[in-house]
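Dear colleague,

Please find below the structure for your review. A description of the findings follows it.

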Amino acid sequence: MSEAIAVKNITKVFPNVIANNRVNIAVNEGEIRAIVGENGAGKTTLMKILYGLYHPDSGSIHIKGVERKLSSPRDAISRGIGMVHQHFMLVPSFTIAQNIVLGVEPMKGLFVNEEKLVKSVKEVSARYGFDINVDKLAADASVGEQQRAEILKSLYRGAEILILDEPTAVLTDMETRELFVMLRRLVDKGKTILFISHKLREVLEISDFTTVMRNGQVVGTVKTSETDQHQLAEMMVGRETIGGRIRTTCYAKDTVLKVENLSVLDSRDLLAVDNINLDLCNGEILGVAGVDGNGQEEFIEAIMGLRPIINGKITIEGKEIQGLSTREIRESGIAYVPSDRYRSGIAIDAMVWENIITGEYYSKPYSKGLTLVMNKIITITKELVEKFQVSTPGVKVKTGNLSGGNIQRVIAARELGLENAKVVIASQPTRGIDIAGTEAIRQILIDYTSRGAGVLLLSADLDEVLALSDRIVVFYGGKISDAGYWDEGIRDRVGQLMTGGLGE
Amino acid sequence: MGSIDFGKIFTLTLFASTFRMATPILLATLGGIFSSQVGIFNVALEAMLDIGAFFAIVGSVQTGSPLGGLGYAILACVITGLVFAIIHLELKANEIIVGLAMNIFAAGMTNYLLVAMLDATGVYQSDLIVGFKEVQIPIIKDIPFIGDLLSGHFPLVYIAFLSVWLVYLILYKTPFGFHLRAVGEKLEAAESIGINPKRSKYFGLIASGFFCAFGGTFLSLSYLNLFAEGMTAGRGWLALAAINFGSSKPVRSLVACLVFGFADALAIRLQQFGLPSQVVLMLPYVSTLIVLLASAMSDERKKKSIMNKHQKLETADI
Amino acid sequence: MTEAKKKSNKFDFRGLLIETGTQLLNYLIILSISLLIGALVIFLSGKDPVAAYAALWKGAFGNRLKIADTLDRTTIMILAGIAGTVAFRTNVINLGLEGQLYIGAFSAALVGFGLTGVPSYIHIPLCLIAGLIGGALWTIPVIYLKMRWNITELVTTLMMNYIGIRFTEYLIAFPFKDPEARMAGTPLLEASARLPKLIQGSTLNIGFIIAIVIAIGMYWFLFGSKTGFEMRMVGLNKDFAAAAGIPVNRSYTLAMMMSGAIVGLGGAIMVMGFFGRFLGGFSSGYGWDGMMIALLAQNHPLGVLPASLFYGALANGALAMQSATGVPQSVVVMVKGSVVFFVTVTVFVNYIKRRLEKWAA
C-alpha cells in the first residue's frame, strides 16, 4: 500500500500558543486513521492546515509522495482532499443537491442546469450507496442527512482523502453506526479517511491506526487493534482520567423542582418540548442526556423564563414560577450556567467584576439605593476570583482577554458562588476547561447536593453525565424518557434512549 | 375639507404616477438586495442615490446627453460602493457606521461640489441639463386604460421594473447568484468550497452603487431636470424598509416599493386638492411604519395559529 | 503562583501608558486623515487649504466672543452627543435624534410663548421640562413597534425623523403661525422663558452649564448606578443580560426615552437661548452631529465633551472660513463624515498597540 498523505515537521504558532509543534503523520491509502486528543491538543489546527485554511509556519505536506502547497481550500479540493466539518457547512435555504454542487454547478447557457444538477448528484450518491433525499432543503434535513450531504459534497468533487472533524459529536448511536458502515464502504472503494475524535470507544471501533496528540505534539501512533481505551486515555491526558462518585438515590426526599406537562416552541415555531414531566429531588444530580437539538436547550430556557411556554406548570418547592420574569425565577432559588457561554453566559467586553455581579448587582451588599458600592464589589469579586481559581491579572480586566477555560470559571463564580441556590441548572459546565478545573467544578456541584440542593446537569458529552449523575433522563424528539438510577447498565440504556430506541 | 371628491383623487393618473414614484425606491431596493444577499446591511443607499442624482446632472451638462449623465452617475456610485467596501472589508470598520458616515459625507460632498462645480447653492437648474424623454410603447399605448397606465413613462421606469426580473434571474438561476447567496447566508460554507467571500461582498456593494446610480439619475434627469439638496428625501431608507419587508427577495420587496410609490403619488395628488403639503408629505414615511407593522402582525398571526394547533392537540391527548 | 499574584496586584503603569497612548495616537490619526481629506477637497477646487483652515480656526477661537459662540454651539453638540451615548451604550440604535430634537424644541417653544405672566424661575424650568418630555414622547411609537412587534428601531427612528420635521413644519404653517415673522416659525418666546446669558455680546447662555452637568451626570449614571449598569450589560450582550435576570425591555425603553429626552432638551435650549422662537428647519443636522460625536467619543459621556468642542468649533468656524476664503462651508460636513468612516477602524489601533508594546519592552 502506498502513502496517501503525509505531513512533515508541521509547526503552527498562534499568539500565545503553539498549536502544532513539529507534527509528523503519514497515512496510507485505504486506511482509516483516527487522530485523538483533548480539546486544544492541536487536532483541528492540523486539519485546517491540511485543508488549506491555515498555512503552517514551517514543515511540508506531501500528497501521494509529492510535496504540495495548499494555500486555499480550492487547492486542497483540487488535490483530492475533502473535509467534513464538525459544524456543517450547508446553506439552509438551498436543497441538499444545490449544496453538494455549490461552486461546481452544471450549466445550461448562463444558467444553472437544475435538472442535470439533481441527476448528477443522484448518480454519485448511488455509486457510494448513500440513502439521501437530495431535493430536501438543508434546513429541513436531519443531522444524519446533513452529514451525508457533507460527505457527498467532497466525493462529488473527487475527493480521495476525507477528513472528518468530530463527525459523531452530533450523531445518535444509531446514526454513528450507519456512518461507520458508510466509512467502511468508502475505504473499500480506495478512499483514505482521517477521523478526528476524542471519543475513544468509537475510535477503537472504526480506525486502523490511531495517532494521539497532546499540547500540539504527536505523542505516538499505535495500531488500533493492539491498544485499548485505557492506554489511549493515558496517552491523551498524560495521567489517569477522573473517576466517578458515590451515587445517592432520592427515594425518600423532597422534590425541589417539578415540571408538569410542559410544552415549548423553538425559534422556528416548531414544537421543541412536547408535554414533558420531570421531578428533581434535593440532594441529587439529575443528568439530562440527549443529542443536541432534541429540545433540552428550549426546555431549560423555558424554565428560566427566557422562552415563552405554550402549556405546563413549573414549581420550585411548591411555588409556581412559570410566567415570572427571569429575575424572579432566579430569586426563587435557581442558579443557571448556560451552555453557549459566549451567547448568553458572558459579556466578553465587560470587566471581570461586572460579569461576576450581573446576577446580584441590585441587592446588598453590591448596591445601596441607586448606587453600586464599588469597594464592596471589588472585594467580593476578588474573593470569588480566588475561590474559583480564575487566572486573571485582576478583576478590572476585560473578560474577553481571558482564556476560554477562565471565562467558564468566571461564569461559575457568578452562578455557583451563590451557595443558597436550591436548584442548579448547569449546562455543559466544564466544556473547554482543563482537568483540574473540571474536577473543581464537579466538586462544587457535588457540594451543592450535600447542602440539599438539586442539580440538573446537561451535557452533550455522555461521559460527563455518566460520571456525575445519580439518575439520568434522556431527551429525544422533544420527549423525555427516564433511564433510571445509575448502575452498570445505564450507558446502554441511555444510548438506546438517545436514538429513540426504548420508550414507546 | 369634507368636500374632497375621492373619485377625482383615485384616477388612472394616480396609478400611473405610482409606477413613477416607486421607480427610484425600487432601483435603490434592488441595489440594496445585492448587499443584503451577501450579508451586508447597506445603510448607504441614501448616499448612493444622492451621489447618483448629482453626478447625473454633471454628466448631462458636460456631455449634453442623459445617457452621459447616467454614465457619470454609474461611475460615481460604483466608486462609492468601492470605497464603502474598502473601509469595511479592508480596514474592518463597522458596516452600519461606515454607511451612516457615507450618508453624511455624501450630503456634504454634493453640497460642496454644487458650489465648486456648478456654482449654485441648494438647487441647480439650467437649460444645459438634458433629461430623458418619455417613451410611448407602440400598440400598448393605444389600448384604453392599459395604454395610459403602462405607456408614456420614462425609460428608467421600464428598466427598473424589468430589473426586478433580471435581479431574480441573477440571484436564483445563475451559479454566480448561488455563490452570492451562499456567502450571505452561510459564509463559512461558501469559504469551505473555495468561494472568496470578500470578492462577493465587494461585488454586492458595487452592485448596490450600480443600481442606485440608475435611481439617482431618475431623480434628477426624469420629470424634473434639476438637482436639489436633500432631493432623495429618505428614499434610500424607504428602500431598506422594503428590503426588510421582502426578506431581501426581489419580487416581495417590489410589493413594498409599490406601496411606498403609491403613498408618494397620493401625497402629490392630495396636495393638488389643497391639503397642507406638510401633512401630506408625511404619508410615505407613515406608510413605511404601517407596512412594517402589517408584516409583523401577519407573522404573528401565523405563529398564533401554530400555537393554537399545538394546544388543541394537547387537549385532544387528554 | 504567589509570585504571579504579587505582580498582578501591583498597579500596571506600563499597561495604562500603552492603553492611553494607543487611544491618543489613534485619535490623532483619525483626525489627521479627516482634516487631510478636507484639505485635499479644498485643494482640488483650487483654493488654499492652509488659509481655509486658518480662517476656520480664527472663526472658532479668534477672540473671546468667538470662543463664547463656539461654546454655545458646543452646548447642543454635547446634549445630542450624550443622547447618542446613552442609546448606543444600550445597543439601541436611535437614529431619530433629529426628529426628537425638533419635537423637544417645539414643545419648549409652545410653553415659552403660550404661558404668560410667570416668573423666569418657574417659566424656564417648565420650558426645559417640556423639551425633555417632547423628545421622550416622540420615541414612544418606536418603542411600541420594537417591544410589541419586534420591528428594528433603525428604520422606524429614521421615519420618525421625517415625520417629526414635517409635523413641526405643519404646526408653524397653520395652528401656530406667527404672521409677523419673516421665516416660518412660532411667535417669540416670553422674556421670562429666555435663558440668561453668560457673556455680554455672545449667545452663550446657562444652557452650556446645564449640558456639562448632564454629561457628568450621565457618567455617574452609566458607571455608578444600578440602572446604568443594567443598560450597559444589555448593550454589551443582550442574551447574557436576559439570562442573568436583567430586565432587558425596561433598559431598552429607558435608554430610548432618555436619549429622546436629552436631545429634546438640547432643542429647548436652542430655542430658549439662541433663536428665541421655534423656526422651521432650524437644525442643521445637530441630531446627526450627536450620533457622530457619540461614536467619536466611543460612547463615553466625558469623551463627548472634547468631541463636542471639536464639532462645535468646526460648525462655528465654517461660516467665517466661507466668507474669508470662499471655500464652501460644506467641506466641514465632509470632514465630519470622514471622522466617522475611521472611528471603528481597528487596524490603526492594533498597529499602534503592537508598536507601543514593542517599544515599551
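Across the interface of chain C and chain B, the rule finds one salt bridge (a side-chain nitrogen of Lys or Arg within 4 Å of a carboxyl oxygen of Asp or Glu). This salt bridge joins C:Arg148 to B:Glu300, with 2.8 Å between the closest N and O atoms.

This is a predicted model, in which local features need pLDDT of at least 70 and side-chain atom pairs count only at pLDDT 80 or more, whereas totals for chains, interfaces and linings use all residues. Residues are numbered from 1 along each chain as its sequence is written, chains are lettered from A and ligands numbered from 1 in the order in which they are written, and side-chain values use heavy atoms, with hydrogens and water left out.

Chains C and B

Chain C contributes 43 residues to the contact and chain B contributes 44, contact meaning heavy atoms within 4.5 Å. About 3,800 Å² is buried between chain C and chain B, with carbon and sulfur atoms giving 83%; buried area is the accessible area (1.4 Å probe) that two parts lose on being put together, summed over both.

Helix α11 (residues 235-245) of chain B packs with helix α8 (residues 153-173) of chain C at an angle of about 145°, the axes being 10 Å apart. Axes are lines fitted to C-alpha atoms, for helices over the stretch in contact, and angles run from 0 to 180 degrees between N-to-C directions. Helices are DSSP runs (H or I, at least four residues), numbered from the N terminus. On the α11(B) side the residues are B:Trp237, B:Leu238, B:Leu240 and B:Ala241, which meet C:Leu154, C:Val155, C:Leu158, C:Met159 and C:Tyr162 in α8(C). By class, the contact of α11(B) with α8(C) has nine nonpolar, no polar and no charged residues (Ala, Val, Leu, Ile, Met, Phe, Trp, Tyr, Cys and Pro count as nonpolar, Asp, Glu, Lys and Arg as charged, and the others, Gly among them, as polar).

Chains C and A

Here 21 residues of chain C are in contact with 29 residues of chain A. The buried area between chain C and chain A is about 2,000 Å², of which 60% comes from carbon and sulfur atoms. C:Lys226, C:Phe229 and C:Phe240 supply 31% of the area that chain C buries against chain A, more than any other three residues. The rule finds three salt bridges across the interface of chain C and chain A. A salt bridge links the side chains of A:Arg343 and C:Asp239 (3.6 Å, N to O).

Yours sincerely

Definitions and conventions: Helices (H or I, at least four residues) and strands (E, at least two) are DSSP runs, numbered from the N terminus.
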